[in-house]
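Q: I'd like to learn how to read a model like this one, feature by feature. Can we walk through it together?

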Amino acid sequence: MANRNKDVEEEIYDKVVDLTEYAKRQRWWNRLFGKNSGPVAAKYSVATQIAIGGASGWCAGYLFQKVGKVAATAVGGGLLLLQIANNSGYIQVDWKRVEKDVNKAKKQLKKGTDQAVPELNTFMEKSTEFVKKNVVITSGFVGGFLLGLAS
């Protein structure tokens, strides 16, 4: 009986090892989506694409709206508290130093944008290519996103 269990365990181990070796040789999207992982348009009907795009767009828009409100409230409230503390005399702000630091940050951002242009162009090209291949689901997403923002 113990010998049979050992044989079964070895057989299972061999199958698991074979499966892991197979997975290592495959690209990640093939493991996730299967061999036919081209544009979405090749897999689903137009109605399904619009429904998937619209639902995911609505969720993203709704979350974007809620997170945006919370972020705006936090930043605005923080600035208001700093101004009240400054006027009450709890803190003293060196406005000349703030202006100097802001100008320094502007210069660094300007340098950074000049260096980041090739990456941005590559991203834009990939995004444009994705939108062209998946027009229906993208338009559903945009419509759902706008509805999510409005709700």
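Q: How many helices and strands does the secondary structure of the chain come to?

A: Some ground rules to start with. This is a predicted model, so local features need pLDDT of at least 70 and side-chain atom pairs count only at pLDDT 80 or more, while totals for chains, interfaces and linings use all residues. Residues are numbered from 1 along each chain as its sequence is written, and side-chain values use heavy atoms, with hydrogens and water left out. Helices (H or I, at least four residues) and strands (E, at least two) are DSSP runs, numbered from the N terminus. Here we get 6 helices and 0 strands, so reading from the N terminus the order is α-α-α-α-α-α.

Q: What share of the residues in the chain is buried?

A: Buried means under 20% relative accessible area, exposed over 50%, and partly exposed in between (1.4 Å probe, protein chains only). On that scale, buried residues make up 10% of the 151 residues. The chain exposes about 12,700 Å², with carbon and sulfur atoms supplying 65% of it; areas like this come from the Shrake-Rupley method with a 1.4 Å probe, and for residues only the protein chains shown count as cover.

Q: Which residues of α3 are buried?

A: They are Q49, G53, G54, G57, G61, Q65, A85 and N86. Take Q65, which sits in α3 (residues 46–88): its relative accessible area is 15%, and that is why Q65 counts as buried. Beyond its neighbours within four places in sequence, Q65 is in contact with G148, L149 and S151. L149 belongs to helix α6 and is partly exposed at 33%.

Q: How do I read aromatic pairs, and how many does the structure hold?

A: A pair of aromatic rings is described by the distance of the centres and the angle of the planes. Rings of Phe, Tyr and Trp (its six-membered ring) pair if their centres lie within 6.5 Å; planes under 30 degrees apart count as stacked, over 60 as edge-to-face and the rest as tilted. The structure holds 3 such pairs. One of them, F64 with F145, is tilted, at 5.7 Å centre to centre and 50° between the planes. That pair links distant parts of the chain, F64 in α3 and F145 in α6, 81 residues apart. F64 is exposed at 54%, whereas F145 is partly exposed at 22%. F141 and F145 also pair, stacked this time, at 6.2 Å and 20°.

Q: Where do F141 and F145 lie relative to each other?

A: An α-helix has 3.6 residues a turn, so residues three or four places apart point the same way. F141 and F145 both lie in α6, 4 residues apart, about one turn. Ring pairs link F64, F141 and F145 into a cluster.

Q: Which residues make the nonpolar surface patch?

A: Patches are made of residues with over 30% relative accessible area and no salt bridge: like charges are joined within 9 Å, nonpolar side chains (Val, Leu, Ile, Met, Phe, Trp, Tyr) within 5 Å. F64, F141, V142, L146 and L149 make a nonpolar one of about 460 Å². Helix α6 (residues 135–150) gives the largest share, 4 residues.

Q: Last one: which side chains meet in a salt bridge?

A: A salt bridge is a side-chain nitrogen of Lys or Arg within 4 Å of a carboxyl oxygen of Asp or Glu. The count comes to 1: E129 and K133, at 3.3 Å, N to O. Being 4 residues apart in helix α5 (residues 117–133), E129 and K133 are separated by about one helical turn.

How values were computed. Contact means heavy atoms within 4.5 Å.
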